[in-house]
Amino acid sequence: ARVGQDWYRPGLFSLAGDYKISEFGVETDELYTLGVTHIVADVRYADLPSLAVSVFEQAGVQALVAVPMYEENQLFASLNVMMNVPRRWTLEEINLIERVASQVRSAFAPAVLQRREHTIATSLQDALLPPLPSDIPGLEMASYYRAAHDQAHAAGDFFDVFSRSIV
């Protein structure tokens, strides 16, 4: 998991960084349910795995609202608001966090689509790129691929043959 930019008040430490979820002994399915916002007033009394509670407490997290974001039933991000003290979240706060998460997810949508289209174009190009002709004595064969456009990763094919210099 990657915790990207985080905002915190002076005196608290940043949670930004890369983490191996497997090292915490918690499955993301235990923390997130498809499409469900998790509201925790106090991690000590929440229905969370004990190891998750321990990790939150070590990080100084006492309360949180977590909005998971899924693409094709796979968790790809979450927006989390955390507090270092227990907190009863108001309906207005929860609605605001969910609206922000919805806007973030909408901003991700074009990038997800572009990544999917790029993967399809790459797979197609790799499948259609013909192999080099068989070796011919006296000729050196090599291929060079350059996309028609840096973002497209798809192009036509062109082969050229050069005679091998024998020195």
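The legends below describe close-up views of one predicted model.

Residues are numbered from 1 along each chain as its sequence is written, and side-chain values rest on heavy atoms, with hydrogens and water left out. Because the model is predicted, local features need a pLDDT of at least 70 and side-chain atom pairs count only at pLDDT 80 or more, whereas totals for chains, interfaces and linings use all residues.

**View 1. Confidence along the protein chain.** The predictor's confidence in each residue, pLDDT, is given on a scale from 0 to 100; the protein chain averages 79, and 80% of the residues score at least 70. Confidence is highest in strand E3 (residues 38–40), with a mean of 92, and lowest in strand E7 (residues 162–163), with a mean of 66. Where pLDDT is low, the predicted coordinates should not be read in detail. Helices (H or I, at least four residues) and strands (E, at least two) are DSSP runs, numbered from the N terminus.

**View 2. The open sheet E3-E4-E5.** Three strands form an open sheet in the order E3-E4-E5, with antiparallel pairing, and two strands are said to pair if DSSP finds at least two bridges between them. E3 and E5 are the edge strands, each pairing on one side only, and the twist from one strand to the next averages 15°. E3 is joined to E4 by three bridges, whereas nine bridges join E4 (residues 63–71) to E5 (residues 74–83). His-38 has Ala-66 in E4 as its bridge partner, while Ala-66 also stands opposite Asn-80 in E5; further along, Val-67 has Leu-79 in E5 as its bridge partner.

**View 3. The E4–E5 hairpin and the helix across the sheet.** Two residues lie between E4 and E5 in this hairpin, and Glu-72 in the turn has a positive phi of about 50°. Helix H3 (residues 91–128) lies across E3, E4 and E5 and runs at about 30° to E4, where axes are lines fitted to C-alpha atoms, for helices over the stretch in contact, and angles run from 0 to 180 degrees between N-to-C directions. Eight of the nine residues of E4 are buried, so this strand is largely enclosed by the rest of the structure; buried means under 20% relative accessible area, exposed over 50%, and partly exposed in between (1.4 Å probe, protein chains only).

**View 4. Nonpolar cores.** A nonpolar core is a set of buried Ala, Val, Leu, Ile, Met, Phe, Trp, Tyr and Cys residues joined through side-chain atoms within 4.5 Å. The largest has nine residues, namely Ala-63, Val-65, Val-67, Met-69, Ala-77, Trp-89, Ile-94, Ile-97 and Ala-101. E4 and H3 each supply at least two residues of this core, and E4 gives the most, with four. Apart from this core lies another, of eight residues, including Val-40, Phe-56, Val-61 and Tyr-70.

**View 5. Surroundings of Gln-62.** Gln-62 sits in the loop between helix H2 (50–58) and E4 and is buried, with a relative accessible area of 14%. Leaving out residues up to four places away in sequence, Gln-62 touches Ala-41, Asp-42, Val-43, Arg-44, Glu-57, Met-83, Asn-84, Val-85 and Pro-86, where contact means heavy atoms within 4.5 Å.

**View 6. The two salt bridges.** A search of the whole structure finds two salt bridges, each defined as a side-chain nitrogen of Lys or Arg within 4 Å of a carboxyl oxygen of Asp or Glu. In one of them, Asp-42 pairs with Arg-44, the closest N and O atoms being 2.6 Å apart; Asp-42 is buried at 11% relative accessible area, whereas Arg-44 is partly exposed at 44%. In the other, the side chains of Arg-87 and Glu-93 meet at 2.1 Å, N to O, with Arg-87 partly exposed at 28% relative accessibility and Glu-93 partly exposed at 22%.
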